[in-house]
Structures are given as structure tokens and as C-alpha cells.
Amino acid sequence: MKKTMCLLIAMMLAITALTGMAVAEEREIIEITVTGSRNAYCDNWEDTEFAKSVLERFGIKLIDQSFSSEEWTVQYGLLFASGELPDLFVNTGWNMNTVSDYGSQGFLLSLNDLIETSGVYCKAVFDANPDMQRIVTSPDGNIYCLVNGSAIPANMANRNWINEKWIENVGMTYPETLEDLYAVLCAFRDQDANGNGDPSDEIPASGTILHEIVLNALGIPTKSSSGAGFYVNAEDEVTMIATDALYKVFLTYMHQYYEEGLLDSATFVQSGSEFNAKIGEGRVGAYTLAAPWLYESEETAWDYRYFGGLTSEYNSNKIVGASSGVDSWAAVAISASCAYPERVFEMLDWLYSDEGSTVGFIGEENVGWKWVNEAEGDWARVLPEGWTDSDEAYRGGTLTILGLNLYRSEEWKLFKPTGNNVWLYDQYTDYAVPYFTSAFPSVVLTEEELDSISGIATDIESYVTDATTRFIVGEEDIESGWDTFQNTLRSMGVEDYTAVYAEAYARFMGK
């Protein structure tokens with residue numbers, strides 16, 4: 001299948017290279033209105049290099065009707081209420097239940113027929129990653145949106161880090177079990193792990209990183225710190241994490257960490273800026289962040305390694321909870337009132353190609369990027385002379401529209417990482433990918449299912465979050481409070497709530 005897909009894509013790329021521009025020149029230029037959430041770097045989508053590319057390639061002129069991210073959360077509801085819809089939605093931020101709702105009401109175009117008749121790249125991507133199709137398929141069987149996906153490992157699991165230099169400084173080795181982890185965190189707390197002469201300023205771990213590490217070590221594959229999430233247990237049953245007996249074990253570990261100063265006492269109350277400031281001061285031994293170099297100094301940023309894959313007396317398998325690399329929110333959707341659905345879909349389908357994903361991600365060759373050594377796959381960004389802002393500001397403000405439907409496969413020509421991402425890629429390849437275990441997917445609920453849990457979903461999630469925090473910080477005793485915790489969840493309807501997600505999961509998996 002992989003070879004067939006690659007051959008098909010190669011043939012299509014060759015055809016595009018030979019005829020694409022000529023076809024665009026012969027076509028009548030059409031205008032389509034585009035709306036969505038515009039990133040802070042960009043003032044107008046019409047002025048982007050991406051807009052120029054689609055005009056040249058497809059004869060499509062984009063008319064910008066986008067909003068700032070703050071405005072969008074209000075404006076899209078007003079658009080649907082008015083009935084005056086644009087042709088195309090981009091970077092919607094909608095979850096699949098919202099998409100299903102708008103689609104079933106007739107606001108969004110079903111893409112099924114277009115995918116079947118002309119979705120060359122779309123079908124290839126669906127074949128390569130079945131979760132792409134599963135996630136976008138509404139309970140009524142229609143596909144009303146397309147999403148962004150990636151086979152890049154660093155986009156499939158959380159970015160958890162532990163300071164390997166600190167481990168070396170305290171005379172220990174990377175922890176393999178929860179017992180090892182406890183010993184390492186104690187050493188971080190008690191010794192001068194960061195080597196600044198003060199043995200009392202280290203914070204062993206901050207944020208919710210230990211939530212995920214401990215749950216995975218106990219045998220619960222998850223990317224979330226929330227006990228209100230789900231997983232499929234050893235009996236192949238969908239289970240809310242907080243109702244599993246292992247959750248009591250998790251709470252016991254976490255309370256010990258908190259009580260003994262191994263988990264930052266400010267974890268549940270600190271702001272993002274406070275959290276980042278501690279990292280920037282070189283005081284935190286383990287945390288979750290896109291990359292250490294974002295806040296660490298140049299001297300300390302490379303002291304970290306990927307953190308995950310521990311075992312315990314309850315589980316002997318190393319687990320790193322991972323997704324399929326598919327976003328669970330809608331990137332693009334065509335309005336049912338769009339006058340040129342075939343032309344617009346042709347552009348969206350192209351974005352799933354190697355070429356389209358490259359242009360949509362970082363612009364045209366020699367405009368947003370260039371080859372350093374094509375034979376070796378080495379490439380580099382292209383920035384305007386005198387550019388003083390960040391690379392990302394140029395990408396998101398000038399080159400492209402952030403939030404398009406792209407798929408970066410392992411065959412993607414810019415897959416080979418450059419710069420700091422070489423380190424990031426190696427970290428995931430060595431320490432995460434071998435232990436990837438599927439976390440519970442994002443499933444779509446029917447309108448009836450949503451109605452059945454509408455009165456309890458928020459209450460259950462809030463109760464689990466609050467109770468978990470109380471147990472961890474010691475406001476409530478775990479032993480005496482566990483039965484009350486479980487009985488309260490049952491009285492709130494957690495069994496029916498779980499049954500709804502079990503049904504949606506079965507549907508998602510085609511069972």
C-alpha cells in the first residue's frame with residue numbers, strides 16, 4: 001500500500017509540475033470568501049504568499065473575511081445565525097461535535113462525493129492514516145471538514161523533559177521505574193542538582209508532567225493529566241480513568257510527591273508566566289514544554305532528555321501515551337452555499353500532497369525555504385534580508401495561512417529536521433517512539449448522545465478535577481475518601497456517561 005501510494009503521488013506531482021500552471025492560466029479566475037481565526041502575526045490573508053500561490057496554481061483569488069482569534073469565538077456564531085456564510089472556513093478551532101452539528105443542519109457541504117470522485121491525495125492520506133478518516137466522519141456518515149495530520153513523532157506525544165545533567169550531578173542514572181523516579185526526585189530536592197551552589201533552590205518537577213508519567217507507568221496510556229479522560233483497559237472495555245482502581249494508586253503516588261516537596265507546591269495555582277519564569281531560572285528538573293530552549297538558557301537547554309516510558313509494580317510495559325498525529329479539530333470546511341465547491345476542494349485536496357503540504361506549511365521553494373543539499377534532504381528557511389523577528393513570525397505573518405489542512409508524512413520532503421529540531425527528532429526517535437501506545441482517540445458523539453450527557457459532562461469533569469487536586473494536596477484523605485469519590489461519580493451518572501463514549505468509540509473503530 002505504501003509503495004502504491006507513493007507511486008500515485010509521484011505521478012500526480014509530475015502531472016501538476018507539467019500542467020498545473022498552464023491549467024490555472026487557462027481557467028477563469030474565481031473569487032472565494034474565506035473566514036476563520038487569523039493568527040496574531042498576520043494582518044490579512046490576501047497578502048500572504050500562500051494566497052499568491054493558489055491564485056497562480058488554481059485561479060482562485062482569496063477574499064479575506066478573517067477575524068482575530070479573540071473575535072472569532074463570537075463571530076462564527078453570528079455568521080451562522082445570519083445565514084450569510086463565506087465560501088470557505090479555515091483554522092476554525094471547532095471540535096468534531098460542532099462540525100457534525102453545523103453539517104447536519106445544512107450549513108456545511110458534505111465532502112463525501114468530492115472525495116470519492118476527485119480526492120486523489122485525500123484518499124491516499126486516509127489510506128495511510130485511517131484515523132484521519134475516522135475523526136472527520138460524522139455519525140451520519142458524512143465528512144464535513146478536513147483536519148491537519150502529521151507522522152512526525154514530536155507531534156504525536158506530549159513533550160516531557162527531565163534534566164539529564166541534574167541526574168548526573170546527583171550521581172544517579174535515568175529512572176526506569178516509579179521507584180527510581182522517587183529516588184531521583186528526592187536527590188533533586190536535597191542536593192545542588194543545578195550546580196549553582198545553593199542546594200535548596202531546585203524544584204524537582206513542576207506542572208502536570210508527573211500526572212501523565214505516573215498514569216502511563218501504571219499501565220494507563222494517556223496524553224492527558226485529567227482523570228476524566230478515558231482509556232481501553234486490559235479487558236478491552238472503555239473506562240473513565242478516575243473510576244479505575246489504579247487511579248487510587250496514582251493519587252497515592254501524587255500525594256507523596258506533593259507532600260514531600262517533589263512536586264512544585266504552586267503547580268495547581270501558578271500562572272503560565274510564573275511557570276515559564278522558573279524554567280528560565282534553571283530551577284526545574286522536569287516539566288512539559290514544546291522545547292527546553294524556549295525558556296532555558298543556551299547553557300542549560302541541551303541538558304534535558306525526553307521523559308517517559310517508566311514501569312511499576314503494576315505494569316511491566318514501557319508506555320508513552322501517543323495519538324495518531326491527527327488533530328481533533330476542524331482545519332477547513334466548505335460552506336454549503338459555496339458557488340465553486342469543486343474548485344475549492346481541488347485546492348484542499350492538493351494541500352494533502354507533499355507539494356501542497358510544503359507550500360501550506362512554509363511556502364514555495366526559494367521563497368519560504370530552500371535546499372541546502374537536496375540529495376541529503378538538507379533544507380533551510382529563507383528569511384528576508386534584515387528580518388529581525390522570529391522565523392515563526394515570518395511563516396505565520398507572510399508565508400502562509402496557519403490552520404490549513406496539511407499532512408506531513410514520513411515521505412514529506414522536508415521531514416528531515418534542521419537546526420534545533422534535529423535534537424528534538426533524535427530525542428523522540430530514541431526515547432519515545434519505541435514505547436508509543438495509543439491513547440483514547442477523539443470520538444464524535446451523535447446529537448442524541450450529546451443531549452444525553454449535556455447535563456452531567458461539565459459537572460463530572462469539574463468534580464474529578466477538584467477531587468483530584470484535593471487528594472493530591474492532602475485536603476482530603478485518599479483512603480477514607482476514595483469510596484465517597486466513586487459513589488459520588490456513580491450518583492452523577494458516570495456509568496451512563498462512560499457508556500456513551502464506549503458506543504462512540506465502537507463506532508469510531510468500525511465495530
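Contact here means heavy atoms within 4.5 Å. The model is predicted, with local features needing pLDDT of at least 70 and side-chain atom pairs counted only at pLDDT 80 or more, while totals for chains, interfaces and linings use all residues. Residues are numbered from 1 along each chain as its sequence is written, and side-chain values use heavy atoms, without hydrogens and water.

**View 1. Surroundings of Phe307.** Beyond residues up to four places away in sequence, Phe307 touches Asn160, Trp161, Ile162, Tyr174, Pro175, Leu181, Ile209, Leu210, Ile213 and Ala286.

**View 2. The largest nonpolar core.** A nonpolar core is a set of buried (under 20% relative accessible area, 1.4 Å probe, protein chains only) Ala, Val, Leu, Ile, Met, Phe, Trp, Tyr and Cys residues joined through side-chain atoms within 4.5 Å. This core has 136 residues, of which Leu88, Leu210, Tyr247, Tyr257 and Phe307 touch the most other members. Another core, of 17 residues, lies apart from it and includes Ala154, Ala157, Val284 and Tyr428.

**View 3. Gln270 in the loop between α11 and α12.** α11 spans 245–259 and α12 spans 272–280. Gln270 is buried, at 16% relative accessible area. Leaving aside neighbours within four places in sequence, Gln270 is in contact with Ser206, Gly207, Asp264, Phe275 and Lys278.

**View 4. Residues joining α2 and α13.** Phe50, Val54, Arg57 and Phe58 in α2 meet Arg343, Glu346, Met347 and Trp350 in α13.

How values were computed. Helix = DSSP H or I, 4+ residues; strand = E, 2+ residues; numbered from the N terminus. Buried < 20%, exposed > 50% of the residue type's maximum accessible area, 1.4 Å probe, protein only.
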